[in-house]
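Subject: Structure for your review

Dear colleague,

Please find below the structure that I am handing over to you, followed by an account of what was found in it. I would be grateful if you could read the two side by side.

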Amino acid sequence: LPQSWLVHPARQLRAQQSAAAARRARTLAMADLIPANNFRIPSDALQTAAREGLNRLPVICRDTEQAQWLVSRGTSLGISSMYDKTLPEFMGMSAADAALAFPVAYRFSRTLITLPTHARCGSGTRQSLRELLRDAQ
C-alpha cells in the first residue's frame, strides 16, 4: 500500500479507541447513579463496563413491582425491561408454568432492567434518572 493510505487505518483505530473510552466513561457514570441498597449491577457487567463500556447497563431491581414501576415511569428516559419473559415462555410455556418450573429464571426475567448509556444521555437525563431511581426505593 502507498504510505499515504496507512494514515486511514491509524485514524480509524484512534477513532475506535476514543469511542470505546467515551462509552466506558458513560457506562461508569450511569453505574454511579445506582443506589446500592435497592439495586444490583451484575458483577460481570461491572467488569465489562470498566474494561470497555456497555451500550446499555443491566440493573437488577429488588422485586418485580419495582422493575415495573421504573419501566412505566422511565421509558422516556431510556429505561427498559431486558427480557420480561423466561426462555421457556418465549417457546410457548405459560408464565404460571415457567414460574413453577424455573423460579429463579422467572424472577430474574422480571427484575432485570437496562439503563441507557448512549451519547445523548446528558447530565439532565442522568439527573432525572437519579431522581427516579431514588424515588423507586
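Predicted model: local features only at pLDDT ≥ 70, side-chain atom pairs only at ≥ 80, totals over all residues.

Residues are numbered from 1 along each chain as its sequence is written, and side-chain values use heavy atoms, with hydrogens and water left out.

Overall form

The protein chain contains 7 helices and 4 strands; helices (H or I, at least four residues) and strands (E, at least two) are DSSP runs, numbered from the N terminus. Read from the N terminus, the order of elements is α-β-α-β-α-β-α-α-α-β-α. The C-alpha trace spans about 65 × 35 × 25 Å along its principal axes. The radius of gyration of the protein chain is 19 Å, whereas a compact globule of 137 residues would have a value near 14 Å. That radius is taken over C-alpha atoms, and the globule rule is 2.2 Å times the number of residues to the power 0.38.

Of the 137 residues in the protein chain, 34% are buried. Here buried means under 20% relative accessible area, exposed over 50%, and partly exposed in between (1.4 Å probe, protein chains only). The accessible surface of the protein chain comes to about 8,400 Å², and carbon and sulfur atoms account for 56% of it; the areas come from the Shrake-Rupley method with a 1.4 Å probe, and for residues only the protein chains shown count as cover. Among contacts in the protein chain with a separation of 6 or more, 71% join residues 24 or more positions apart, a contact being heavy atoms within 4.5 Å.

The nonpolar core

The largest nonpolar core has 24 residues, and those with the most contacts inside it are L57, L70, I113 and L115. Two or more residues of this core come from each of helix 1 (7-31), helix 2, strand 2 (56-61), helix 3 (64-74), strand 4 (112-116) and helix 7 (123-135). A nonpolar core is a set of buried Ala, Val, Leu, Ile, Met, Phe, Trp, Tyr and Cys residues joined through side-chain atoms within 4.5 Å. Leaving aside neighbours within four places in sequence, L70 is in contact with F39, C61, T75, I79, I113, L132, L133 and A136.

Individual residues

I34 is placed in the loop between helix 1 and strand 1 (39-40). I34 counts as buried because its relative accessible area is 12%. Beyond its neighbours within four places in sequence, I34 is in contact with F39, I41, L57, V59, L115 and L133.

T48 belongs to helix 2 (residues 43-51) and, at a relative accessible area of 18%, is buried. With neighbours within four places in sequence left aside, T48 is in contact with G53 and L54.

R56, in strand 2, is partly exposed at 32% relative accessibility.

R73 lies in helix 3 and is partly exposed, with a relative accessible area of 45%. The C-alpha atoms of R73 and R40, 33 residues apart along the chain, are 19 Å from each other.

Finally, D84 has a positive phi of about 75° although it is not a glycine. D84 sits in the loop between strand 3 (80-81) and helix 4 (87-90), and its relative accessibility of 43% makes it partly exposed.

Yours sincerely
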